[in-house]
Amino acid sequence: MRCIICRLPVKLVWGICSQCYQLLPKLISVCKKCGLPLFPANKSCHHCLKIPPNWDNLIAVGDYEPPYTKWIYQLKFNQHTELAYPLARLMLLAWFNARNLYGLKKPALVTCIPLHHHRYWSRGYNQSQLLARLIAHWLGAEWLPYLIKRNKNTIDQKILSKQRRKGNIENVFNCNKQLHGKTIAVIDDIVTTGYTVQAACHQLKQQGAGEIQIICLCRTSL
């Protein structure tokens, strides 16, 4: 086994040596609600206090910058599914750090942002599902990959302006399972405007979800 960054041999199976892990860019001073930069850290920003999101905490490993950009592209578009393990491990470590800071509850359920079946068939897998399955296993949580369903195919969010992204994602998701106040972790690879996770979490709240935690690899803004 070799480190995916420096390529030196590592004993740990998760794929990143301790030295490279320490050098990775990480989000440190952020709003605990939306995950965007905030100083002082570990509080809610003005925007989240004024208009709270449909989730309770957002935990991210880093900004959308190298080496995360390369890894996400390889995972999503180049069939490098072996990257799911080290990337999910980074997300798990970020969650444990957030738990120490905010006293997060351990989620009872783990799910992910779904792909439309046309895109799933084209790619062969949902990268967020690969990450979520591992995180659910490590947290000992129930794994429900299809808790959130996508009703229609949409234009890829990344090619749209911020103004068009919100309308693009309206009425896209549904959830038919009663959640009875359970704590839920929703996994995605990147959160940018937050409109996608906002729409998905709205459906979870409609079905009685309790605390919702968003866990992603990258958090950025347009």
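## Packing of α4 against α6

In this predicted model, helices α4 and α6 lie oblique to each other, because their axes cross at roughly 50 degrees, an angle between the under-35 range for roughly parallel and the 65 to 115 range for roughly perpendicular. The axes of α4 (residues 84-102) and α6 (residues 127-139) come within 9 Å. The crossing of α4 past α6 is right-handed.

On the α4 side, the contact is made by A84, Y85, L87, A88, R89, M91, L92 and W95. Their partners in α6 are L130, L131, L134, I135, W138 and L139. By class, the residues of this contact comprise 13 nonpolar and 1 charged, with no polar ones.

N126 sits in the loop between α5 (117-123) and α6. This residue counts as buried because its relative accessibility is 3%, and the cut-off for buried is under 20%.

Apart from neighbours within four places in sequence, N126 has contacts with C112, I113, P114, L115 and Y120.

## Nonpolar cores

The largest nonpolar core contains 42 residues, and I16, W71, L90 and I187 have the most contacts inside it. Two or more residues each are supplied by β1 (57-62), α3 (68-77), α4, β2 (109-112), α6, β6 (184-191) and β7 (212-219). Helix α4 provides the largest share, 9 residues.

For L90, the contacts beyond four places in sequence are W14, I16, Y21, L24, V61, Y68 and W71.

How values were computed
Residues are numbered from 1 along each chain as its sequence is written. This is a predicted model: local features need pLDDT of at least 70, side-chain atom pairs count only at pLDDT 80 or more; totals for chains, interfaces and linings use all residues. Side-chain values use heavy atoms; hydrogens and water are left out. Axes are lines fitted to C-alpha atoms, for helices over the stretch in contact, and angles run from 0 to 180 degrees between N-to-C directions. Helices (H or I, at least four residues) and strands (E, at least two) are DSSP runs, numbered from the N terminus. Angles under 35 degrees count as roughly parallel, over 145 as roughly antiparallel, 65 to 115 as roughly perpendicular and the rest as oblique. A crossing is left-handed if the near helix is turned anticlockwise from the far one by less than a right angle, and right-handed if clockwise. Contact means heavy atoms within 4.5 Å. Ala, Val, Leu, Ile, Met, Phe, Trp, Tyr, Cys and Pro count as nonpolar, Asp, Glu, Lys and Arg as charged, and the others, Gly among them, as polar. Buried means under 20% relative accessible area, exposed over 50%, partly exposed in between (1.4 Å probe, protein chains only). A nonpolar core is a set of buried Ala, Val, Leu, Ile, Met, Phe, Trp, Tyr and Cys residues joined through side-chain atoms within 4.5 Å.
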